[in-house]
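I'm opening my notebook on this chain and writing down what I looked up, in the order I got to it.

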Amino acid sequence: MYSGVASGIFAIRNCDKTTNGDIGRLPVSVGQGAAVIKAGAQYNNAIAKPIKIVLDTCDDIAKSDKVFNGLKKVVKFASDNVNPLIVASSGVKVVMADKEERKSTLISESGTLAGMFLGEGWMKKHLDDILAKTPISKKWLPIVKGITFVVGSITASTIGNKIGKKAAEYWDKPLVNNEKPNTPENNADKVYKPLDYKS
């Protein structure tokens with residue numbers, strides 16, 4: 001339920017990005033959507049039963065239909081490799097950026113990914129322990145975990161993106177200012193000198 005909730009929210013978010021022109025997010029949306037369906041089928045409730053029937057039917061069709069079987073393999077690959085697909089989608093964004101913007105896009109996207117992976121890695125290690133100390137009931141805990149994970153991931157990636165953009169601004173600027181200070185000695189050639197009419 002924990003990963004299902006998080007995957008569901010991420011899938012909606014990535015679908016929105018896809019419809020707004022970020023085409024590299026389409027495989028990510030497919031993978032996360034498949035992960036939600038797979039997670040839903042694991043529960044023993046009224047919603048899980050029809051999902052299991054649909055998945056079993058898909059398995060039967062895939063055995064006799066090569067095209068459907070190929071599509072099923074693509075969807076399975078996407079659901080098993082969401083993070084690599086997110087990295088690939090950032091690569092697509094860099095490639096599709098204007099030539100003069102590619103370097104800054106690469107740096108900002110690298111910051112976004114670094115922030116996301118660091119944030120999610122930290123939450124995977126510590127979030128369970130933190131939430132275990134709260135008075136949240138077991139019924140709501142998976143949902144709270146999922147929402148917290150999504151918010152944490154988005155926050156971490158946003159911070160990483162801002163750091164990346166700031167780094168991109170200063171990437172080509174020299175660390176040391178080589179300009180001479182504005183002193184009378186350095187401006188000697190700029191000081192007005194009267195013409196010598198006698199010469």
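**Entry 1: a charged pair.** I started with D22 and K93, which form a salt bridge whose closest N and O atoms are 3.6 Å apart. This is a predicted model, so I keep that in mind throughout. I checked where the two residues sit: D22 is in the loop between α1 and α2 (26-41), while K93 is in helix α5 (residues 82-96), so the pair ties together parts that are 71 residues apart in sequence. Buried or partly exposed, I wondered about K93? K93 counts as partly exposed, because its relative accessibility is 33%. D22 has a relative accessible area of 16%, so D22 is buried.

Entry 2: D22 has another partner, R25, and here the closest N and O atoms are 4.0 Å apart. R25 counts as buried too, at 11% relative accessibility. Which residues are linked in this network of salt bridges? I noted D22, R25, K93 and E109. The structure holds five salt bridges.

**Entry 3: another bridge.** Next I looked at K145 and D128, whose side chains meet in a salt bridge at 2.9 Å, N to O. K145 belongs to helix α7 and D128 to helix α6, so I wrote this down as a link between distant parts of the chain, 17 residues apart. K145 is buried at 17% relative accessibility, whereas D128, at 37%, is partly exposed.

**Entry 4: the nonpolar cores.** The largest nonpolar core has eight residues: A6, F10, M123, L127, L131, L141, F149 and V150. The elements giving two or more residues to this core are α1 (2-19), α6 and α7 (141-170). I picked out L141: apart from neighbours within four places in sequence, L141 is in contact with L131 and I136. There is a second, separate core of seven residues, among them A78, L85, I86 and L113.

Entry 5: The chain's mean pLDDT is 76, and 66% of its residues reach 70 or more. Among the elements, α6 has the highest mean pLDDT (92) and helix α3 (residues 48-64) the lowest (62).

Methods: Residues numbered from 1 in each chain as written. Predicted model: local features only at pLDDT ≥ 70, side-chain atom pairs only at ≥ 80, totals over all residues. Heavy atoms only, no water. Core = buried A, V, L, I, M, F, W, Y, C linked by side-chain atoms within 4.5 Å. Buried < 20%, exposed > 50% of the residue type's maximum accessible area, 1.4 Å probe, protein only. Helix = DSSP H or I, 4+ residues; strand = E, 2+ residues; numbered from the N terminus. Contact = heavy atoms within 4.5 Å. pLDDT = per-residue confidence, 0-100.
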